[in-house]
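Please look over the structure shown below before reading the notes.

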Amino acid sequence: MMTIPRTASFLLLQFATLLAPFPLLAQEQNWQSLFNGQDLSGWTELNGAHSWEAKDGMIVGSTVPGQPNGFLCTEQEFGDFVLELEVSVDTLMNNSGIQFRSQSYPEYKNGRVHGYQMEVDPKPQQWSGAIYEEGADRGWIYPPEKMGPEAKAAFKRDDKSGYQWNHYRIEAVGPIIRTWVNGVPVAHLVDDRYLKGFIGLQLHANNGNDPQGSFSIRFRNIRIQQGSLELTSMEDRVPVVSLLPSSEEHRAGNPLSLRIEQDRQAGRIAVHAGDKTAPILTQRAKPEERPYLHPILAPDGRGELTEYRPVHHPHQTGIYWGLKRVNERDYFMNWNRDYWRRVSAEVLQDDGERVRWQTVYEMLDEEGNVLMVETQNWSLQAYADRYVLDLEWQGEAKMDVVMGKFYVGGLFVRMPWVPETIGEILSASGQKGIELEGQRAIWSDIGIKLNGREDFARIAIMDHPDNAAFPTPWRVDSQMGLGPSRQILGDWGLAAGESETIRYRLLIYTGAEDKALKAVVWKDFYEGE
């Protein structure tokens, strides 16, 4: 390999010190083996011409003197994943590494492999687990000097007793990348230059001052997890290096003072900010109509960010929750009449820097029996340039229920749209627009140019690691409606008396996409701020 890092503003330094522990999740494991133990099916060598073989359940790579760095790479590409493998390397080899989210294009440096690399270092300098940008311009992006003493000591060098196997783990979720060596946390990087690519095993050519000859590296038990990811706790002593564009200093400004006014007869909860006369957000909670949020004003007051029952989708009501195929009954398309019955709509905290409210509705079957009780707990903080809106949804089954597989179902956002609308949808995993349909991402950001403004009004929806489908797949309709949907993955159900809790955060702001702000707001979300 070679040698060299995101300095950040005060806000991102705060982010770097705090963005450390993921909750430990007990989710369904979905591991795919990348090596069959017998041959190199599914792998191909790029750049160098070294010796690779499958032997005794291992992939063994041996250097051919005079050859440049070589990489044995998967033919399959991966975006969000957890990767685990074991590695043992001759102590006289210069170093090696595990490529991930990497690419090779004929037009880029004659096919030079480039992307992220987790270091494998048998030298006394102890750099194993740090992250390098192989084949590109930045060099070390999680540099060895960020590693603590325990992380540096984690890697076991081969000794006279034979091979010393080291367990490597990489978690890559959107822009958040974390590494472990032998269970010891090493690196925590936030960067979005590469969001998808192949896995590669490096054979590094020794430099002129290194011992010369043929040296070997061995890999085994190579497996990857996609879909519902089982993430690991990482101690907060591991510093975060953030390479996202720095957010503006004023983003850390103080929240506005909020107050709620409730009109029980009209079924309306209105949130006011400071001395503004018009509410910045209105919750509609009528007796026999699905609850929804509309309108929501842009933080600068210029335009409504939600739309109620547009002609192209008359069942869509601003920001709302609607499940499909609940025991084959449709609560997404059917927003009123004999599908919904209000139990309560209550203000839980009516003023201060954060306000809270709750709606409880019964979901009725064809005979009017209660199928499930849906509780929505909302909270809102507002700043001069953004809102942070949280939803905790809970469904309690009153009889056995199954939510059938469908391409939509759950939280949904309807922003104003006409055929002439200029807009964009961007995800944390790099998909744009309709590319996101059915794909997983930890957040997605929809921006639309409303009448009367030149910049985008935006709503970013953020998934929570505690959600069972995390990262949840997304529904995108042809009019830029957007929402995460567990139902895309298949049937899921609750037995009578059981409940399920799902959490999302919405960041509402204007202007260009602000990746750094989203990273900070999502960090606060999963840490429980």
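The model is predicted.

**The open sheet**

- Strands of a sheet pair through backbone hydrogen bonds, either parallel or antiparallel.
- In this model, seven strands make an open sheet with antiparallel pairing, in the order 2-5-14-7-8-9-10.
- Strand 2 (43–46) and strand 10 (139–142) are the edge strands, and each of them pairs on one side only.
- On average, neighbouring strands of this sheet are turned by 30° against each other, with direction ignored.

**Pairs within that sheet**

- Strand 7 (residues 96–103) and strand 8 (residues 114–120) run antiparallel and are joined by six bridges. Gln99 stands opposite Gln117 of strand 8.
- Strand 8 is also joined to strand 9 by four bridges, again in the antiparallel sense. Here Gly115 stands opposite Glu134 of strand 9.
- Strand 9 pairs with strand 10 over three bridges, and this pairing is antiparallel. The bridge partner of Tyr132 in strand 10 is Trp140.
- Strands 9 and 10 form a hairpin with four residues between them. In the turn, Gly135 has a positive phi of about 70°.

**The two faces of strand 9**

- In a regular strand the side chains alternate between the two faces of the sheet.
- Strand 9 (residues 131–134) is covered on both faces. Ile131 and Glu133 are buried on one side, and Tyr132 and Glu134 are buried on the other.

**Strand 15 and its partners**

- Strand 1 (residues 31–33) runs antiparallel to strand 15 and is joined to it by three bridges. Gln32 has Ile224 of strand 15 as its bridge partner.
- Strand 4 (residues 58–62) pairs with strand 15 in the antiparallel sense over four bridges. Ser62 stands opposite Ser216 of strand 15.
- Strand 6 (residues 81–89) pairs with strand 15 over seven bridges, also antiparallel. In strand 15, Arg220 is the bridge partner of Glu86.

**Nonpolar cores**

- In soluble globular proteins, nonpolar side chains tend to be buried together.
- The largest nonpolar core has 60 residues, and Trp357, Leu380 and Ile459 have the most contacts inside it.
- A second, separate core has 52 residues, including Leu83, Met93, Ala187 and Leu201.

- The largest cavity holds about 50 Å³ of space. Its lining includes Trp321, Leu323, Pro484 and Trp492.
- Strand 28 (410–413) and strand 35 (499–510) are the elements that give two or more residues to the lining of the largest cavity.
- By class, that lining has seven nonpolar, four polar and one charged residue.
- The second largest cavity has a volume of about 40 Å³. Among the residues lining it are Asn467, Thr472 and Glu500.
- The lining of the second largest cavity divides into four nonpolar, two polar and two charged residues.

**A loop residue**

- Asp330 lies in the loop between strand 21 (319–322) and strand 22 (340–349).
- Is Asp330 buried or exposed? Asp330 is buried, because its relative accessible area is 16% and the cut-off for buried is under 20%.
- Asp330 and Met403 are 73 residues apart along the chain, and their C-alpha atoms are separated by 9.7 Å.

Notes: Residues numbered from 1 in each chain as written. Predicted model: local features only at pLDDT ≥ 70, side-chain atom pairs only at ≥ 80, totals over all residues. Heavy atoms only, no water. Pairing = 2+ DSSP bridges. Axes fitted to C-alpha atoms, helices over the stretch in contact; angles between N-to-C directions. Buried < 20%, exposed > 50% of the residue type's maximum accessible area, 1.4 Å probe, protein only. 1 Å grid on protein atoms, 1.4 Å probe; cavity = no way out; pocket = protein on both sides within 12 Å on 5 of 7 lines; lining within 4 Å. Points joined across faces, edges and corners; volume = space filled by probe spheres on them. Nonpolar A, V, L, I, M, F, W, Y, C, P; charged D, E, K, R; others polar. Core = buried A, V, L, I, M, F, W, Y, C linked by side-chain atoms within 4.5 Å.
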